[in-house]
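Student: I have a new structure to read. Where do I begin?

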Amino acid sequence: DLASRSSTEHVNRLATMPVLLRLVELDGQQGTVDIEVAGTIQGAWLTNSRGEVRDKLEIEGPVVRVPMRAHGIATVALDIDEARPVSRNLDAHREVWAQIHRVGEKEE
């Protein structure tokens, strides 16, 4: 998040909590990599190593298509609904999380 303050092209300006992937092509063959995500993808971008967006990537349902150069390295940023932070009220679930402190005690 700090990097987005110094760069107007940073991916954090497009996605609140991006998931970052680094892909490396080791076989010396150019092609396209399909990344299948178990979640709802709202956006996908090819970035540089500092998180600055270079290109928007093609999304087809749960699959993101990433072009790769021979021996190339690609940094991909994904905006996935299920990976976004969820606000939780711990006091509303105290009976669950407070039980860990009672290990070994007998219930009455």
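Tutor: Begin with the elements. Helices and strands are DSSP runs, numbered from the N terminus. This model is predicted. Along its sequence the pattern reads α-β-β-β-β-β-β-β-α.

Student: How many helices and strands does the chain have?

Tutor: Two helices and seven strands.

Student: How do I read contacts along the sequence?

Tutor: Contact means heavy atoms within 4.5 Å. Take the contacts between residues at least 6 apart in sequence: 69% of them join residues at least 24 apart.

Student: Now burial. What share of the residues is buried?

Tutor: Buried means under 20% relative accessible area. Buried residues make up 31% of the 108 in this chain.

Student: Which residues have the most contacts inside the largest nonpolar core?

Tutor: Leu23, Leu57, Val64, Val66, Val76 and Leu78, in a core of 14 residues. Strands S3 (41-47), S6 (63-68) and S7 (73-80) each give two or more residues to this core. The largest share, four residues, comes from S7.

Student: Why does threonine 75 count as buried?

Tutor: Because its relative accessibility is 9%, and the cut-off is under 20%. Threonine 75 lies in strand S7.

Student: Which side chain joins threonine 75 in a polar contact?

Tutor: That of arginine 22, at 2.8 Å.

Conventions:
Residues numbered from 1 in each chain as written. Predicted model: local features only at pLDDT ≥ 70, side-chain atom pairs only at ≥ 80, totals over all residues. Heavy atoms only, no water. Buried < 20%, exposed > 50% of the residue type's maximum accessible area, 1.4 Å probe, protein only. Core = buried A, V, L, I, M, F, W, Y, C linked by side-chain atoms within 4.5 Å. Polar contact = N/O pair within 3.5 Å; in protein donor to acceptor, adjacent residues only side chain to side chain.
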